[in-house]
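Here is a guided walk through a structure with more than one part. Take the sequence and the 3D view together, and follow the text from the overall picture down to single residues.

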Amino acid sequence: MPSLRRINAIMFKELRQLARDRITFAMIVMIPLIQLVLFGYAINTDVRQVPSAVVDLAGTAQSRQLIYDLEASQVVQFSHRFDSVVQAEQAMTSGVVAAVLVLPADFQRRLALRQQGVLLQPVAQWITDGSDPLLSGAVSVLSQLPLTLQGIDSSNNPAAVMQVVRYFNPEQRTAVNIVPGLIAVILTMTMVLFTSAAVVREREQGNMEFLITTPMQPLELMLGKIVPYIAVGCIQTGIILGLGHLLFAVPLPLHWLSLLVVTLLFILASLTLGLIISTRATTQLQAMQVTVFILLPSILLSGFMFPYAAMPLAAQWLAEVLPATHFVRMIRAVVLRDAQWWTLSYDVVYLAGFTLVGLVIATLRFKKRLD
Amino acid sequence: MTEIVIETRGLTKYFGDYCAVNNLDLSIRRGAIYGFLGPNGCGKSTTMRLLTGLLTPCAGEVRVLGNELPQQAEALRRKIGYMTQKFSLYDNLSVMENLQFVAQIYGLTKRQSPQRIAQLLALYHLEDKQKVRAGALSGGQKQRLALAAATLHEPPLLLLDEPTSAVDPENRREFWERLFDLSDAGTTILVSTHYMDEAERCHGLAILELGQKRADASPQQLMRQLKASVFLLQGDNLRQLGKQLAPMSEVISTAQIGNTLRVLLAPALAEPQQWLQRQLPGTSLQRVEPNLEDVFVATTGVGYAKSAQN
């Protein structure tokens with residue numbers, strides 16, 4: 001039977017040590033703060049002002065009008081003009097521009113014939129740097145704009161066959177999607193690293209040899225180690241959501257209890273993962289390396305940066321193993337879609353199960369022996 | 001006072017192919033201060049860890065305070081105090097916080113804990129340091145704090161792994177006074193050391209080398225039983241004399257001590273003084289009683305090989 005007194009002893013010792021470790025203490029606040037500002041401002045999937053070149057072989061009023069209209073869309077910015085396609089291609093190869101608009105010498109004639117329905121071929125050409133699909137895709141949208149002899153006529157846009165209504169983020173602001181997901185990334189990094197390092201540090205500094213000769217039980221040590229970091233995780237979540245609301249107008253959740261439930265589940269799962277690592281790693285450096293090994297797929301496969309649905313099936317299976325994938329799904333549901341925690345039963349059960357199984361594994365793997 | 005608290009038979013521990021403890025038999029009575037003396041790597045710490053249940057023996061039997069190891073290691077943990085070679089309390093906690101933590105771990109009640117801690121702070125002269133962080137203490141203070149922590153729950157058995165390796169002679173003396181107090185109160189103490197003066201203070205002593213026990217008795221008995229004869233030589237060119245004698249198979253060891261050369265001769269020599277006089281005519285020599293260092297030299301390393309040869 002675990003002793004509450006011993007769990008308390010380890011917990012308060014951990015809190016005291018944490019409060020006296022100024023760098024770690026500062027990191028608890030600074031990591032979410034700095035990353036939120038960096039990611040919130042820097043990550044933007046709404047592509048704007050793509051550096052572009054134009055090769056206007058027509059040189060007519062219509063071609064110039066088209067160039068002005070395209071620039072007014074703010075998707076591209078024509079920073080360079082070339083007399084030949086070859087020159088434009090060289091500029092693209094050297095990375096000066098990412099897209100080139102080529103207007104042929106007979107642009108006006110082609111445009112007129114197309115308007116009469118005689119010509120079905122395109123009247124101009126976009127050459128884009130396809131090595132960046134996101135950027136290239138944004139420029140491709142420009143090829144669909146309705147073009148007339150008077151330029152781009154947005155009022156002449158034919159009625160859409162299907163209407164799109166955007167729930168939860170009608171303005172399609174990237175920050176709204178990024179900020180809740182950022183909690184998953186930051187908690188994965190800090191929770192896993194803090195717990196794994198906290199146990200390994202005891203071993204490295206020689207405290208463990210004393211501890212394991214006392215009546216302290218592995219489960220008591222594990223629980224005493226993770227409880228203080230639950231509070232740390234909650235503080236970090238509060239910083240990210242609060243600042244995300246202030247700086248990026250990310251909505252606050254309607255159901256705070258659901259936020260608490262899903263966040264606690266993820267914090268516990270991440271802390272348990274840290275404990276498992278600590279039973280294997282012998283130095284703090286090793287603990288850090290394993291944390292990075294887990295952090296990278298948590299960023300790339302969890303759906304935080306790239307849509308989960310777009311990933312191949314094998315990658316989706318791998319992503320399902322990571323606690324971050326389940327949390328990204330749940331936190332976005334709770335914060336952005338006002339979902340209640342019990343409607344997310346699959347992810348809730350997975351994280352609860354992950355924590356329980358992880359705690360059992362960590363406790364069994366932790367040996368009160370040196371061999 | 002004859003109750004045996006530690007008993008091992010054929011205790012053996014391998015790390016891979018390396019034999020750290022080889023067929024060790026021990027029998028330690030209650031209340032004794034029993035020392036392990038030996039060079040680094042001789043198996044002192046491994047033996048300590050085997051006796052605390054921290055390591056599992058590869059062969060042999062271990063019984064500590066009536067507990068069979070490794071099966072009953074958990075039950076034993078409540079009855080022992082262990083002081084590791086390296087300071088193992090928390091540098092960034094104060095003296096008081098460290099002791100409070102240990103008291104909670106050992107399950108002292110909220111009433112018992114302040115009384116016992118105050119008692120220990122007074123006993124180990126740490127009252128004025130209770131708010132100082134352990135990392136800021138001197139070597140001697142750290143060692144006293146570690147001993148206070150190891151004895152907080154008043155264990156009947158104390159295992160101290162090279163407890164005075166980073167401590168000045170005055171603190172060492174004071175430390176040993178406290179050990180004798182504990183021993184008087186009935187605590188059995190197992191202490192490993194490589195200092196001769198410390199080893200000489202023990203009630204019983206095992207000299208270890210390469211994981212094997214080379215000798216086991218009280219220091220006085222060991223000195224009395226040493227069959228090798230010891231001589232002190234005086235004269236000029238002591239270094240030269242030492243170099244001349246050392247390779248001889250009859251000479252176990254030579255060591256210059258100030259203006260004298262201490263020579264250990266093999267027990268097989270029938271008339272050692274005459275033999276030595278023949279080797280070094282005209283040199284002033286005096287036969288003296290063996291000390292513990294002589295015993296150590298004769299039972300370990302080259303000395304052991306030469307003693308066995310003769």
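A residue is called buried if 20 or more other C-beta atoms lie within 10 Å of its own, exposed if 12 or fewer do, and partly exposed in between, with C-beta atoms placed from the backbone. By that rule, buried residues make up 46% of the 310 residues in chain B. For chain A, the share is 39% of 371 residues.

The model is a predicted one: local features need pLDDT of at least 70, side-chain atom pairs count only at pLDDT 80 or more, and totals for chains, interfaces and linings use all residues. Residues are numbered from 1 along each chain as its sequence is written, while chains are lettered from A and ligands numbered from 1 in the order in which they are written.

Start with chain A. It holds 14 helices and six strands. Helices (H or I, at least four residues) and strands (E, at least two) are DSSP runs, numbered from the N terminus. Along the principal axes, the C-alpha atoms of chain A fill a box of roughly 90 × 40 × 35 Å. The radius of gyration of chain A is 28 Å, whereas a compact globule of 371 residues would have one near 21 Å. That radius is taken over C-alpha atoms, and the globule rule is 2.2 Å times the number of residues to the power 0.38.

How is chain A divided into domains? Domain 1 takes residues 4-43 and 172-365, and domain 2 takes residues 50-156. These bounds come from an automatic or database domain assignment. The C-alpha centres of the two domains of chain A lie 48 Å apart.

Next, the UniProt record. Its unreviewed entry marks "transmembrane region" at residues 21-43, 178-200, 226-248, 254-278, 290-310 and 348-366 of chain A. UniProt positions are given here in the numbering used for the model, feature names are shortened, and annotations may be inferred rather than shown by experiment. Look at two of these spans. Residues 178-200 of chain A are 100% helix and 0% strand, with their end C-alpha atoms 33 Å apart. Residues 348-366 of chain A are 95% helix and 0% strand, and their end C-alpha atoms lie 27 Å apart.

Now move to strand E1 of chain A, residues 50-56. Why is E1(A) largely enclosed by the rest of the structure? Six of its seven residues are buried, so the rest of the structure largely encloses it. E1(A) runs parallel to strand E2 (residues 76-81) of chain A, and five bridges join them. Two strands pair if DSSP finds at least two bridges between them. Pro51(A) has Gln77(A) as its bridge partner in E2(A).

One residue of chain A deserves a stop. Gln62(A) sits in helix H3 (residues 61-72) of chain A. Is Gln62(A) buried or partly exposed? Gln62(A) is partly exposed, because 19 other C-beta atoms lie within 10 Å. Gln62(A) and Phe107(A) are 45 residues apart in sequence, yet 8.5 Å apart in space, C-alpha to C-alpha.

Turn to chain B. Its secondary structure comes to twelve helices and 14 strands. The C-alpha atoms of chain B fill a box of roughly 75 × 45 × 40 Å along the principal axes. UniProt lists residues 6-235 of chain B as "domain: ABC transporter", in an unreviewed entry. That span of chain B is 34% helix and 30% strand, and its end C-alpha atoms lie 49 Å apart.

Within chain B, find strand E3 (residues 33-37). Five of its five residues are buried. Ile33(B), Gly35(B) and Leu37(B) point one way from E3(B), and Tyr34(B) and Phe36(B) the other way. Five bridges join E3(B) to strand E8 (residues 188-193) of chain B, in parallel. There, Tyr34(B) has Leu190(B) as its bridge partner in E8(B). Four bridges join E3(B) to strand E9 (residues 204-209) of chain B, also running parallel. In E9(B), Ala206(B) is the bridge partner of Phe36(B).

Finally, see where the chains meet. In all, 21 residues of chain B are in contact with 21 residues of chain A. Contact means that the C-beta atoms of two residues, placed from the backbone, lie within 7 Å. On the side of chain B that touches chain A, helix H1 (44-52), strand E6 (80-83) and helix H3 (95-105) of chain B each supply at least two residues. H3(B) gives the most, with four residues.
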